[in-house]
Amino acid sequence: MTNREMIKLLIISDTHKDIETMEKVLLQHQDVDAMIHCGDSELDSSYFKQISVHVVRGNCDSDTNYPNEIITQLNDDIVYVTHGHLHQVKSTLMPLSYRAQEVQASIVCFGHSHLLGAEINNGILFVNPGSLHKPRGRKEKSYAIVEKLINGWSVLFFSSEHKIIEELNFKI
């Protein structure tokens, strides 16, 4: 695998109008291939026209200009982004897993539950970065940096102060 085939993603979600925290994270990580916001920004979609961020609509977003899902290809990987509320992610990942298989995703980025986590299911990486506004299950506001490596995925969860709070590695 060459460096061109590797990807690095910044994934945030559920910022709920906390522009200051969100902007600090976006500025901290300018070296990524893509910035992803998994919904519930509660900001007008015109805000994101100034910066290059893939943003989907969450259940708290009133602006209907956001899409419910984004499917994008980065090198050899298909990235599927959704908020998660339309897939019942608070109770099960099955509907989201089925949709990911339909679009042949390599990685799924979602939010909604405000709980950070990552897992491999049917060869697909699922990442929920937690919340940069009101985390659940832990005190730290969080976001994720995901990197595709030669033999797998690296998922680093950071606090809003940019300190690593959890590191996960998955072989593929």
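1. Gly-117 has Asn-128 in S8 as its bridge partner. The two strands concerned are S7 (residues 116–121) and S8 (residues 124–129), which pair in the antiparallel sense over six bridges. Pairing of two strands is counted here if DSSP finds at least two bridges between them. S7 and S8 form a hairpin with two residues between them, and Asn-122 in the turn has a positive phi of about 55 degrees.

2. On the source of the model: it is predicted, local features need pLDDT of at least 70, side-chain atom pairs count only at pLDDT 80 or more, and totals for chains, interfaces and linings use all residues. Residues are numbered from 1 along each chain as its sequence is written, and side-chain values use heavy atoms, with hydrogens and water left out.

3. The protein has two helices and eleven strands. From the N terminus on, the order of elements is β-α-β-β-β-β-α-β-β-β-β-β-β. The radius of gyration is 15 Å, close to the 16 Å that the globule rule gives for 172 residues, so the protein is as compact as a globular protein of that length. The radius is taken over C-alpha atoms, and the rule is 2.2 Å times the number of residues to the power 0.38. Helices (H or I, at least four residues) and strands (E, at least two) are DSSP runs, numbered from the N terminus.

4. Along the principal axes, the C-alpha atoms fill a box of roughly 40 × 30 × 30 Å. Of the 172 residues, 52% are buried. Buried means under 20% relative accessible area, exposed means over 50%, and partly exposed lies in between (1.4 Å probe, protein chains only). Among the contacts with a separation of 6 or more, 49% are between residues 24 or more positions apart; contact means heavy atoms within 4.5 Å.

5. The protein exposes about 8,300 Å², and carbon and sulfur atoms supply 46% of this area. The areas come from the Shrake-Rupley method with a 1.4 Å probe; for residues, only the protein chains shown count as cover. The mean positions of the 16 positive and 22 negative charges are 4 Å apart. Lys and Arg count as positive and Asp and Glu as negative, while His and the chain ends are not counted. Each charge is placed at NZ of Lys, CZ of Arg, CG of Asp or CD of Glu.

6. An open sheet of six strands has the order S3-S2-S1-S9-S10-S11, with mixed pairing. Its edge strands are S3 (54–55) and S11 (164–171), each of which pairs on one side only. S10 (residues 152–159) and S11 run antiparallel and are joined by seven bridges. Within S11, Phe-170 is the bridge partner of Trp-153.

7. Ile-165 is placed in strand S11. Not counting residues up to four places away in sequence, Ile-165 touches Leu-116, Arg-138, Glu-140, Ser-142, Phe-157, Phe-158 and Ser-159. The C-alpha atoms of Ile-165 and Tyr-143, 22 residues apart along the chain, are separated by 9.8 Å.

8. Two residues have a backbone angle to check. Glu-42 is not a glycine, yet has a positive phi of about 60 degrees. Glu-42 is in the loop between S2 (34–37) and S3, and is partly exposed at a relative accessible area of 29%. His-114, also not a glycine, has a positive phi of about 65 degrees. His-114 is in the loop between S6 (107–109) and S7, and is buried, with a relative accessible area of 6%.

9. Ser-45 is found in the loop between S2 and S3. With 11% relative accessibility, Ser-45 counts as buried. Not counting residues up to four places away in sequence, Ser-45 touches Asp-63, Asn-65 and Tyr-66. The C-alpha atoms of Ser-45 and Thr-82 are 37 residues apart along the chain and separated by 16 Å.

10. On the helices: Thr-21 is in H1 (residues 19–28) and is buried, with a relative accessible area of 13%. Leaving out residues up to four places away in sequence, Thr-21 touches Leu-132, Lys-141 and Ser-160. Ser-97 is in H2 (residues 94–102) and counts as buried at 1% relative accessibility. Apart from neighbours within four places in sequence, Ser-97 is in contact with Asn-121, Asn-122 and Phe-126. Asn-122 is also the turn residue with the positive phi in the hairpin of S7 and S8.
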